[in-house]
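Visitor: I would like to learn how to read a model like this one, beginning with a single side chain and ending with the whole chain.

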Amino acid sequence: HYQMHRFVTECWKQPVAINDLGWMSFRNEAYVLDLYGLGNEEARKARAAGEPGWMAELVDARGVGAVMIYPGWFPDLQDMWRHVGDIGYVETSVTPFSPRVALYATADEHVGPLSDCLEAMAGSLPEGSVMQVRTL
């Protein structure tokens, strides 16, 4: 989570959507949309209702260009946004649920800047961490 926080506060510096609220909102001046709903009642209700397109509606309404989530929590995302890369660990998990967090661009104009941020930060990670840019 700390590396995700660094990614958004040191490089991306724009609104982001996530599914595991915590470090992402700490000393982050950009808007953070919590898709799981612990920090956003509208997202909590929409997720619970399970209506198609609820995530895209919330993301679009708040001008979010980057989505950082555990891919297994929202398996239908592969068709919604462009998978730009991953942040994770080689030998351990980010959480007990997943060894990586997937990074998605919500529109084509965000793909390049997100890829650039991943590449820029890759050299400053602690041992065992990885930021992987997906070949697009």
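Visitor: Is Trp-73 buried, partly exposed or exposed, and what is its relative accessible area?

Guide: Buried means under 20% relative accessible area and exposed means over 50%, with partly exposed in between. In this predicted model, Trp-73 has a relative accessible area of 30%, and therefore counts as partly exposed.

Visitor: Which residues make the nonpolar surface patch?

Guide: Nonpolar side chains are joined into a patch within 5 Å. Here Trp-73 makes such a patch together with Leu-21, Tyr-36 and Leu-38, covering about 370 Å². As for the surface in total, the chain exposes about 7,200 Å², and 48% of that is supplied by carbon and sulfur atoms.

Visitor: How many helices and strands does the chain have, and in what order do the elements run?

Guide: The chain has four helices and six strands, and, read from the N terminus, the order is α-β-β-α-α-β-β-β-α-β. Of its 136 residues, 46% count as buried, while among contacts with a separation of 6 or more, 56% are accounted for by residues 24 or more positions apart.

Visitor: Which elements have the lowest and the highest mean pLDDT?

Guide: pLDDT is the predictor's confidence in each residue, from 0 to 100. The chain averages 82, and 82% of the residues score at least 70. Among the elements, strand β6 (residues 129-133) has the lowest mean, 57, whereas strand β1 (residues 16-18) has the highest, 94.

Notes: Residues are numbered from 1 along each chain as its sequence is written. This is a predicted model: local features need pLDDT of at least 70, side-chain atom pairs count only at pLDDT 80 or more; totals for chains, interfaces and linings use all residues. Side-chain values use heavy atoms; hydrogens and water are left out. Helices (H or I, at least four residues) and strands (E, at least two) are DSSP runs, numbered from the N terminus. Buried means under 20% relative accessible area, exposed over 50%, partly exposed in between (1.4 Å probe, protein chains only). Contact means heavy atoms within 4.5 Å. Accessible areas come from the Shrake-Rupley method with a 1.4 Å probe; for residues, only the protein chains shown count as cover. Patches are made of residues with over 30% relative accessible area and no salt bridge: like charges are joined within 9 Å, nonpolar side chains (Val, Leu, Ile, Met, Phe, Trp, Tyr) within 5 Å. A salt bridge is a side-chain nitrogen of Lys or Arg within 4 Å of a carboxyl oxygen of Asp or Glu.
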